Amino acid sequence: MTAASTVAESVGESVLDCVGGTPVVALRRLFPGPDVEVLAKLELMNPGGSMKDRSARYIVESGLRDGTIPPGCRLVESSSGNFGIALAMAARVHGLEFTCVVDPKTTKANVAILRRLGADVETVSEPDESGGYLGTRLRRVRELLAAVPGSVWVNQYANDRNWQAYYHGTGAELAEQLAHPPGYLFAAVSTTGSILGCARRLRERFPGLRVVAVDAAGSVVFGGAPGHRELPGIGSSRVPELCRPDEVDEVVHVDDVDAALGCRELLATEGIFAGGSSGSVVAAVARTLPRLPKPCRVVAILPDRGDRYLDLVYDDDWLAAARARRTEHRGD
Ligand SMILES: Cc1ncc(COP(=O)(O)O)c(C=O)c1O
């Protein structure tokens with residue numbers, strides 16, 4: 001037996017084996033103090049660039065296992081960002097076709113990444129009755145499903161496997177990683193799959209946990225009037241079927257400007273280059289922390305990296321325009 005053969009190998013079957021296992025770090029520079037501890041789960045370290053790698057992998061692999069996703073079929077989904085990219089990656093690995101329905105607000109970079117990953121990208125151009133594109137995108141999804149026999153709509157807003165991916169993934173990992181109970185979970189929401197999956201798993205181990213949803217100002221996930229918002233990933237213009245407001249203790253709305261400032265603070269103090277919704281989470285924690293009973297331990301989910309936001313939260317002109325919009329809106 002050679003020396004090399006006695007060494008245990010650690011080799012994944014594909015890039016999907018690198019999904020998950022993300023670290024937790026303390027944000028002591030951003031949130032100093034003897035009686036507060038803010039811990040960040042770095043979901044931005046997933047290989048496709050976001051936590052959505054988890055739901056894409058889980059949905060595709062469970063579907064292939066139970067036959068609801070037939071081998072070689074075409075997946076169809078409406079997504080303008082991380083979930084589309086994660087699905088494209090999972091479809092590549094498992095030899096599936098994938099059509100991603102996007103709209104004119106989808107960034108050029110995301111369309112390029114989707115195409116490079118082999119996805120067919122369909123861009124709708126007509127806004128719907130509300131002035132947004134969601135209705136038109138969903139109509140196009142239905143047309144594609146009718147036109148392509150055997151195609152499967154992933155439908156992350158209503159698919160229970162979405163929250164289950166985080167129950168078995170992020171939530172289970174946190175339950176292992178934390179020896180002492182956290183008092184609060186802060187997580188950004190869109191479909192609500194990740195917050196619900198994490199909350200359900202963490203509450204089994206830490207029953208006293210309070211769950212704080214961080215939503216975009218102008219999102220309707222937890223009610224409220226729809227409004228202009230520019231950051232992808234966080235918020236929704238319709239209430240997701242998965243949403244269970246009774247499982248959330250508090251909702252904090254954060255606008256585009258505060259999200260950008262949160263991102264910049266996180267980068268300046270901790271050297272963590274994260275996306276818009278991570279900035280929203282940081283802003284929500286900073287706003288809430290002063291009134292939380294001490295000592296206080298918070299877990300915050302940081303969903304994606306900053307690279308896809310260089311023209312948004314990290315762009316000074318974009319921030320200036322967002323500030324001007326906010327001032328105008330507040331003056332109304
Ligand atoms: C960057 C980012 N943050 C937050 C979310 C919200 O996650 P969920 O859809 O699980 O509520 C998403 C979802 O796409 C996202 O991409």
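A residue is near a molecule or strand if one of its heavy atoms lies within 4 Å of it. The model treated here is predicted, so local features need a pLDDT of at least 70 and side-chain atom pairs count only at pLDDT 80 or more, while totals for chains, interfaces and linings use all residues. Residues are numbered from 1 along each chain as its sequence is written, and side-chain values use heavy atoms, with hydrogens and water left out.

**Exercise 1. Describe the surroundings of the ligand.**

Solution. Begin with the neighbours: 15 residues surround the ligand, and the closest are Ser190, Thr191, Thr192, Ser194 and Ser277. Next, look for polar contacts (pairs of N or O atoms within 3.5 Å; within protein, one must be able to donate a hydrogen and the other to accept it, and residues adjacent in sequence count only if both atoms are side-chain atoms). The side chain of Lys52 places an N or O atom 2.9 Å from an oxygen atom of the ligand, a polar side-chain atom of Asn82 lies 2.9 Å from a ligand oxygen, and a polar backbone atom of Thr192 is 2.8 Å from an oxygen atom of the ligand. Finally, the ligand taken alone exposes 380 Å², of which the protein buries 96% (areas by the Shrake-Rupley method with a 1.4 Å probe; for residues, only the protein chains shown count as cover).

**Exercise 2. Place Lys41 in the fold and find its polar partner.**

Solution. Lys41 lies in strand 2 and is buried, with a relative accessible area of 0%. Among the residues that Lys41 touches, not counting those up to four places away in sequence, are Arg54, Thr170, Glu173 and Leu174, a contact being heavy atoms within 4.5 Å. The side chains of Lys41 and Glu173 are joined by a polar contact of 2.7 Å. Glu173 is itself one of the buried residues of helix 5, and the buried residues of that helix pack against strand 2 (36-42), among other elements.

Conventions: Buried < 20%, exposed > 50% of the residue type's maximum accessible area, 1.4 Å probe, protein only. Helix = DSSP H or I, 4+ residues; strand = E, 2+ residues; numbered from the N terminus.
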